[in-house]
Amino acid sequence: MKTAMGIDIGGSGIKGAIVDIESGKLISERVRLPTPENSKPDAVAKVVNDLVRALGWDGVIGCGFPAVVHHGVALTAANVHKDWIGTDVNQLISEATGCPTFTLNDADAAGIAEMRFGVGRENARGVVIMLTLGTGIGSAIFTDGHLVPNTEFGHLKIRGKDAEWRASDAARKRKKLTWKKYAKRLQEYLNEMENLFWPDLFIIGGGLSKQAEKFLPLLSLRTRIVPAQLQNLAGIIGAAIYAGEAA
């Protein structure tokens, strides 16, 4: 059995578990600790260390992080503190935990898990786009099973605004949209994605995927669209796979 610890850093919670990366199964409990209020790098690193200690882990760590991550360095900070820009996340977490760490974009991590052990297994050929609907819109695109990292399709402009400002779960809650009105906004965004990339499949993940039956049937697309299978575990599993293969 080959194992790694997967950690998913989010705006409200930091989640982690030990994963058998050959089966995609968790072999420990899933632990969640609240994200520090200011979400600055050192404060987050301390919580990650608390998570690692709680699970008694001493090995390779994979970390899904909500930003563009280029060779372990965070280059954006749309939904986290601006101090993260330019931070070597691999080095920060490694020094805090004493464990070798490999970091990637959180939606990329979720996409890797879905393509390996979720609904994407049946779609190894062609173009697959995974979108995570939550605080923002995360994205991962695969062509013939290969990830193109750090896509930022949540920032595609729709009616002059970032798509995530109009069609994320946070936007739905902020505007108190009915499912019908929300689906109309999501449809507009997905039509734009269809026209740009001509995908074979959309996978909808993130927190909103748990309520997929309330809005997916309201969409009319030429592309097949399905909810993610791994839901909130995808980021943890994908981060662990990434680290296990990078180590």
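The model is predicted, so local features need pLDDT of at least 70 and side-chain atom pairs count only at pLDDT 80 or more, while totals for chains, interfaces and linings use all residues. Residues are numbered from 1 along each chain as its sequence is written, and side-chain values use heavy atoms, with hydrogens and water left out.

I begin with the helices, which are DSSP runs of H or I with at least four residues, numbered from the N terminus, as are strands (E, at least two). Helix 1 (residues 41–54) and helix 2 (residues 89–97) have axes that come within 9 Å and cross at roughly 50°. Axes here are lines fitted to C-alpha atoms over the stretch in contact, and angles run from 0 to 180 degrees between N-to-C directions. Contact itself means heavy atoms within 4.5 Å. On the helix 1 side, the residues in contact are P41, D42, A45, V48, N49, V52 and R53; helix 2 contributes L92, I93, A96 and T97.

I turn now to the largest pocket, which holds about 990 Å³ of space. A pocket is an open set of points on a 1 Å grid over the protein atoms alone, where a 1.4 Å probe fits, with protein on both sides within 12 Å along at least five of seven lines; lining residues have an atom within 4 Å of a point. The volume is the space filled by probe spheres set on the points. Of its 46 lining residues, G10, D106, T132, G134 and T135 are the closest to the centre. Helix 5 gives the most to this lining, with four residues.
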